[in-house]
Amino acid sequence: MRKTWAVIRREFVERVRSKWFVISTVLGPVFIVAVTVLPSLLLTQGGGRKDVVILSANAGSLADRVRSQLSRDANFNVTIDSVDESLQSAATDSLTALVQAQAIDGFVILSSSTLESGAAEYRGRNVSSLTDVATITGALREGIVTERLRRRGVDPAFVQEAQSHIDLTTMRISKRGVTGESGESSFFVGYFVALLLYMIILIYGINVMRSVLEEKQTRIIEILVSSLKPFQLMFGKVVGVGAVGLFQFTLWGLSGYALVHYRTQVLRLFKVPAATVAKVQFPHIPSELVIVAGGYFLLGYLLYSALFAVVGASVNSETEAQQAQQPVMMLLVFSLLVSFSAFGDAGGQLARLASLIPFSAPIVMPVRVATGDVPGGQLLMSFAILAASVILVVWLSARIYRIGILMYGKRPSMRELARWARQS
Amino acid sequence: MNNDLVVEIDGIAKRFAGHVAVTGLSLGVPRGVVYGLLGPNGAGKTTSIRMMMNITMPDEGTVRLFGDQKGGRHHSARIGYLPEERGLYPKMRVHDVLTFLAEAKGVERARASSQADAWLERLGLEQWRMARVNELSKGMQQKVQFAGAMLHEPELLILDEPFSGLDPINQEVLKETVVSQARSGHTVIFSTHQMEVAEKICDAVCIIAHGRKVLDGRLADVKKQHGSTHVAVAFEDGSQAATGLRLVADLVAKMDDSGVFAELTLKDGVEPQQLLERLVQARLTLRRFERVEPSLQSIFLEKAGGAEHADRTEVAHA
């Protein structure tokens, strides 16, 4: 036991002392915030004012309606360019040139038939901005509806009133009742959990692989194997590296908690007024999610690090490792992709199946717990299958590992790996 | 079973895909001797040592260490092992590597740490204590390697090709260490293909070739048993040597010709005096003419060389 402890201690101390650990501890949260928060910020804030032209080819008063609707959004600066229908294509060309010259962002084409058919066209640089397109679509719809009703003699003021803004608030209902949690925030938590588990299992799994490979490359492995059982060595390595992961996790958790707790004071340093800070809502993270995610992290890490240890033991160089790790990486990436489907439908067939497969369960199941209710029986079943697989995979890996670490030369094929597992 | 044997190997064999590395090897290493495992590259020395150390399992036969079959790993606290392929963790601090290596053999941490310091001082590396391994010169790394094998004060040292790749200073350091270990009653087993080195330090030897034992025993016995009459002769220069050796060729069974110097194995019944007479008559200037014990090198060539002709199978890679 003392020997195993020495291995655990070495793996932990050497890693925590390294520059890599300090850098990743500081930059990890920055990266996670970057990949979770930034895309949504970019999608919602299209970035500044939009200059949009409405090309009205005999569209009449509809153009004015649409402009007044669109101008309600402070981000849009709308002008009307009225031409005769015969000149529409020439006007389209010159407006296209303006977009290309970045003088305007885009233009809406309305024609005389738009009012009847409801068909219009938008051409511009920002067509991939979901919010911009939604705003334009909304303005068109409201403009067309108002104009149609006006032509039938309905009072425009009444139409305006009838179209007043509708606000749908979403609240998640779980077994314990309304959680006070919005749809977005549960999506956000799910996304965050999936990415975090994926990253941490991947990063620390690869760390185990590197560590195995390093001992093989420096040939110190022979001294180690003459003193320790290969299983003690592998076990110590996996536990030591995993402990670094947990330690880093704890550091992030504590500093995250401190940041949220003292956010007013912290943000004051950046001259953010307290009133704005109070408006920022933080998603609620229930404690059972933390427990489930923690449990699945531990088992998932054990499962994948054992596989990565086999990869490390069966190759001779970093370059070979890059190739040999592909199958294991695929399993992880696949799990991450499947977990995204659980956002929409936590109880769906794919999500339910994936949480029974041991390789995808560690990521998919915590996401299901974060975004919906998972029956206790399913949770238990998934956990039991995963735990049993961990024991089996670790046992098999240890057998391949003890042969692989002393083998140099040609990279073994899958069949040879299977033979090593059988003969050792 | 002899309880005085620290290592007792009985009929071990190891086959790798396609070739035989070791077969039918038996030997016994008594306590307190310096034991040389000799043979050319690829003879099966490393494979045999790995089987002693539990790193590979023999396909046949048994290895007993300290009187039991529990294996090298079980006894790792009593064994210091220096493998042929050497390596350390390049980014670790010197002191930490040594402490870890001792801990891995079951030494308690505090003691491991103080032993590490003691050995660094002994090898003159105390100011490198906190340096990283890859900041050390190759020679210094080699010293750290020895320290790693010895700092837990093992009763049995197993060194695989310890002298290969060493600079002359470290060869000396290692030789002194081996001798001092042996003087204080420890057993040392080392493998080498350099017969001259083995000749100077070994009490007993085992010569293997092609995975088989050629001969073994105490060095003195080996020489007595396998020593035909040997003569060492040195000439003034190479051309005189050529003439001289041609003159006596019919009296000589085997000739280890090094140019100016030669070691000659005489045919049965031939006296050294006969050679000397011929050489003097030919007016050749001799710098040396001496009746000698056969060198290990010549015994080895005589025995293993013959084996080579008898058995031309693929040489096993140890």
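Q: Which domains does the domain assignment give for chain A?
A: The model is a predicted one. In chain A, the assignment gives two entries, and domain 1 is written in two pieces, 2-41 + 183-423. The other entry, domain 2, covers 50-162. The answer is domain 1 (2-41 + 183-423) and domain 2 (50-162).

Q: How many Å separate the centres of domain 1 and domain 2 of chain A?
A: The centres are taken over C-alpha atoms. For domain 1 of chain A and domain 2 of chain A, the separation is 51 Å.

Q: Which domains does the assignment give for chain B, and how many Å apart do their C-alpha centres lie?
A: Domain 1 of chain B spans 5-224, and domain 2 of chain B spans 228-292. The C-alpha centres of domain 1 and domain 2 of chain B are 39 Å apart.

Q: Which helix gives the most to the side of chain A that touches chain B?
A: Between the chains, 17 residues of chain A are in contact with 21 residues of chain B. On the side of chain A, helix H1 (2-16) and helix H9 (221-227) each supply at least two residues. By class, this side of chain A has seven nonpolar, three polar and seven charged residues. With six residues, the helix that gives the most is H9(A).

Q: What is the orientation of H1(A) and H2(B) to each other?
A: H1(A) and helix H2 (residues 94-104) of chain B have axes 8 Å apart and pack at an angle of about 150°. Angles over 145 degrees count as roughly antiparallel. Therefore H1(A) and H2(B) are roughly antiparallel.

Q: Which residues make the contact of H1(A) with H2(B)?
A: By class, this contact has three nonpolar, no polar and three charged residues. H1(A) brings Lys3(A), Ala6(A) and Arg10(A). From H2(B) come Phe100(B), Glu103(B) and Ala104(B).

Q: What is the handedness of the crossing of H1(A) and H10(A)?
A: Helix H10 (residues 230-261) of chain A and H1(A) have axes that come within 8 Å and cross at roughly 40°. Residues of H1(A) in this contact include Lys3(A) and Arg10(A), while those of H10(A) include Phe235(A) and Phe247(A). The contact divides into eleven nonpolar, four polar and five charged residues. The crossing of H1(A) and H10(A) is right-handed.

Q: Which strands stand at the edges of the open sheet of three strands in chain B?
A: In chain B, the order of this sheet is E2-E1-E4, with antiparallel pairing. Neighbouring strands of the sheet are turned by 15° against each other on average, direction ignored. An edge strand has a single partner strand, so one side of it is left without a neighbour in the sheet. The strands at the edges are E2 and E4 (60-65) of chain B.

Q: Which residue takes a positive phi in the hairpin of E1(B) and E2(B)?
A: Strand E1 (residues 5-16) and strand E2 (residues 19-30) of chain B pair in the antiparallel sense over eight bridges. Glu8(B) stands opposite Gly28(B) in E2(B), and Phe16(B) stands opposite His19(B). The hairpin has two residues between the strands, and the residue with a positive phi, near 95°, is Gly18(B).

Q: Which are the edge strands of the open sheet of four strands in chain B?
A: The order in this sheet is E11-E12-E10-E13, with antiparallel pairing. Each edge strand pairs on one side only, and the edge strands are E11 (252-257) and E13 (286-292) of chain B.

Q: Which residue is the bridge partner of Val231(B) in E12(B)?
A: Strand E10 (residues 230-235) and strand E12 (residues 261-266) of chain B pair in the antiparallel sense over five bridges. The partner of Val231(B) in E12(B) is Leu264(B).

Q: What is the orientation of H8(B) and H9(B) to each other?
A: Helix H9 (residues 272-281) of chain B lies across E10, E12 and E13 of chain B, at about 170° to E13(B). The axes of helix H8 (residues 238-248) of chain B and H9(B) come within 10 Å and cross at roughly 130°. Gly244(B), Leu247(B) and Val248(B) in H8(B) meet Leu275(B), Arg278(B) and Leu279(B) in H9(B). At that crossing angle H8(B) and H9(B) are therefore oblique.

Key
Residues are numbered from 1 along each chain as its sequence is written. Chains are lettered from A and ligands numbered from 1 in the order in which they are written. This is a predicted model: local features need pLDDT of at least 70, side-chain atom pairs count only at pLDDT 80 or more; totals for chains, interfaces and linings use all residues. Domain bounds come from an automatic or database domain assignment. Two strands pair if DSSP finds at least two bridges between them. Two residues are in contact if their C-beta atoms, placed from the backbone, lie within 7 Å. Axes are lines fitted to C-alpha atoms, for helices over the stretch in contact, and angles run from 0 to 180 degrees between N-to-C directions. Angles under 35 degrees count as roughly parallel, over 145 as roughly antiparallel, 65 to 115 as roughly perpendicular and the rest as oblique. Ala, Val, Leu, Ile, Met, Phe, Trp, Tyr, Cys and Pro count as nonpolar, Asp, Glu, Lys and Arg as charged, and the others, Gly among them, as polar. A crossing is left-handed if the near helix is turned anticlockwise from the far one by less than a right angle, and right-handed if clockwise.
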